[in-house]
Amino acid sequence: MKKVLSILFSAVLAVSMLAGCGGNNATTSNDSGNSGQGSSKNIQVGIVLPTKDEPRWLQDQKQFESLLQDAGFTSQVLFSQGSSSTEKTNVESLIAKDIKVLIICAHDAAAAGAAVEEAKAKGITVICYDRLITDTDAVDYYVTFDSVAVGEAQGQYLIDNKPDGTGIPLYLYAGAATDNNAFIFFEGAWNVLQPYIADGTFVIANSTEAEALKDKAELTYDEKSSILGQVTTDWDFNVAKSKAEAHLTANGDDLKGDVSILAPNDGTARAIADAFSADSAISSYTITGQDAEVASVVYIKDGKQSMTVFKNTNTLAYDSVQMATAILNGSDVSTDTTYNNGNKDVPSKQTPITVVTKDNFQSVLIDSGYISQADFDAAQ
Ligand code: BGC
């Protein structure tokens, strides 16, 4: 049964990817689980994801399609391709299909407010998926990983695996400033790294703003913003690579040798790692990541990336579908914490994370079936 479903989902994925070739807005429709509510044009659960250009979100898409079909709901996944206006159009097109639940991972935390307000005005229940939409009341629930723990795990890895001595060059990189998570990841990393920066164990190699704030254990939003302004990757591999190259060009040998690098996620980690590998004055580097993307697991196996933070997207999608099911059935929604989005405390469901390195990737990711051996072999 599992095999049949997985073949089916691969086919759905393939069709959706083909459909996406003609435009910037890939659509996957999964009408086969129609539970009898609404016409065939109508959809019960609408899902909006930020981009299909990062493997991470294709993994989420696959999970949603599988789980919603199993649950017997009609659903549609739309991608916003890094554009707030496409995101808004996506939400509007799902509203027009009479969705009852919107699950949305926003491209831009603040800009998405207008889109979800439209949905809310039509009585649709809004679930933020992975990224919290800020400064609006139109958010009902949030399903997320423990993002402070993600940043703390990255920072702690750099501390536990630092080269000997003091004055170790530390290169800081962060996610997109439009993503609330980028601030939370950075905050987590800063929580653990800051004492080691303040006492001179690490010396910041690429951010005068972070250097100026090195004695502050807790940063304000504006302070984090000023650092992100210098070290953001925009979650974009090309931005990450050219920024790393520019930092290496600007720095002398005193900020090279054995270095530590905070990279916010796997895609940017690979790009930054490639830039550092190409500099002959870098003798070794330790670099973090996040998402357990198959390409990064290969980098970890080959010693080109040091770790990744595994966030089990199966669990996150599962929790969202459980929530959607409760909402559609009119039963109680289970949450375990709240996150403040600037306007309200949003009832949230939070999932723990796992650190993955060369020592445990086989058991945690491959033997568990999260990444198939075949996909792993194909990526090498
Ligand atoms: C997600 C990460 C992802 C990043 C870039 C973040 O909001 O939590 O898993 O790597 O966005 O897409």
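**Exercise 1.** How much space lies in the largest cavity?

*Solution.* Before we start, remember that this is a predicted model.
- Step 1: Begin with the count, which comes to two cavities of 30 Å³ or more.
- Step 2: Now take the largest cavity, which holds about 110 Å³ of space.

**Exercise 2.** Work out which parts of the chain line the largest cavity, and what kinds of residue they bring.

- Step 1: Find the lining of the largest cavity, made up of 13 residues. Nearest the cavity's centre lie Arg56, Trp57, Arg131, Trp235 and Asp291.
- Step 2: Look at the helices. At least two lining residues come from each of α2 (55-71) and α6 (180-198).
- Step 3: Check the domains. Domain 1 (2-139 + 313-351) and domain 2 (147-310) each give at least three residues to this lining.

**Exercise 3.** Describe the second largest cavity: its space, its lining and the helix that supplies the largest share.

*Solution.* The steps are much like before.
- Step 1: The second largest cavity contains about 60 Å³ of space.
- Step 2: Pick out its lining residues in the structure; among them are Gln154, Tyr173, Gly175, Phe185, Phe186, Trp235, Leu262 and Pro264.
- Step 3: Ask where the largest share of this lining comes from: α6 supplies it, with four residues.
- Step 4: Sort the lining of the second largest cavity by kind: nine residues are nonpolar, two are polar and none is charged.

Conventions
Residues numbered from 1 in each chain as written. Predicted model: local features only at pLDDT ≥ 70, side-chain atom pairs only at ≥ 80, totals over all residues. Heavy atoms only, no water. 1 Å grid on protein atoms, 1.4 Å probe; cavity = no way out; pocket = protein on both sides within 12 Å on 5 of 7 lines; lining within 4 Å. Points joined across faces, edges and corners; volume = space filled by probe spheres on them. Nonpolar A, V, L, I, M, F, W, Y, C, P; charged D, E, K, R; others polar. Domains from an automatic or database assignment.
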